[in-house]
Amino acid sequence: ADCSVEIDTITYSAAVSACGKGGKWLQALSLWCDMADCQVESDSIASNTVISSCVMGRAWWHALQLFSEMADCRLQRDMITYSAAISACEKSGAWWLAVELLGEMADCHVERDTVSFSAAVSACEKGGELLQALQLLRE
């Protein structure tokens, strides 16, 4: 019997997800990087999982860097991607970037939800930008 496993996007995405759920953001990021090295095409699901893992692991810079790289790689950034990046901004104190990303969502016709607005409002509040937070609440 052939017991070999094809290493593809789905296999990597599952491994990245398992690392993320286990709080192993560095391993998730490493696997995501290995995908390119092994010439396995990444997808939005794997990328979103890594970004979320980095946010949960307080590796905000890595989360925002990966968010940026997704555009360079022409990977679709969706509501989940933006919300995770805005959460990274919230946690890192980059309130201005959270507001910018929320605006970019509208410009790119990406649906904005309670999670993305709440994270942006919270980022403004933590940054002492209460007027900006109120403005977002009015949107």
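Which residues are linked in a network of salt bridges?

**Figure 1. The salt-bridge network of E90, K91 and K126.** This close-up comes from a predicted model. Three residues, E90, K91 and K126, are joined by salt bridges into a network. Side chains of opposite charge can pair when their charged atoms come close. The count of salt bridges in the model comes to 4.

**Figure 2. The salt bridge between E90 and K91.** The closest N and O atoms of E90 and K91 are 3.7 Å apart. E90 has a relative accessible area of 11%, so this residue is buried. K91 is partly exposed, with a relative accessible area of 41%.

**Figure 3. The salt bridge between E90 and K126.** Here the closest N and O atoms are 3.2 Å apart. The pair links distant parts of the chain, with E90 in helix α5 (residues 79-92) and K126 in helix α7 (residues 114-126). E90 and K126 are 36 residues apart. K126 is exposed, because its relative accessible area is 52%.

**Figure 4. The salt bridge between R112 and E139.** The side chains of R112 and E139 meet at a distance of 3.2 Å, N to O. This pair, too, links distant parts of the chain: R112 lies in the loop between α6 (95-107) and α7, while E139 lies in the segment after α8 (130-138). R112 and E139 are 27 residues apart. R112 has a relative accessible area of 28% and is therefore partly exposed. E139 counts as exposed, at 52% relative accessibility.

Notes. Residues are numbered from 1 along each chain as its sequence is written. This is a predicted model: local features need pLDDT of at least 70, side-chain atom pairs count only at pLDDT 80 or more; totals for chains, interfaces and linings use all residues. Side-chain values use heavy atoms; hydrogens and water are left out. Buried means under 20% relative accessible area, exposed over 50%, partly exposed in between (1.4 Å probe, protein chains only). Helices (H or I, at least four residues) and strands (E, at least two) are DSSP runs, numbered from the N terminus.
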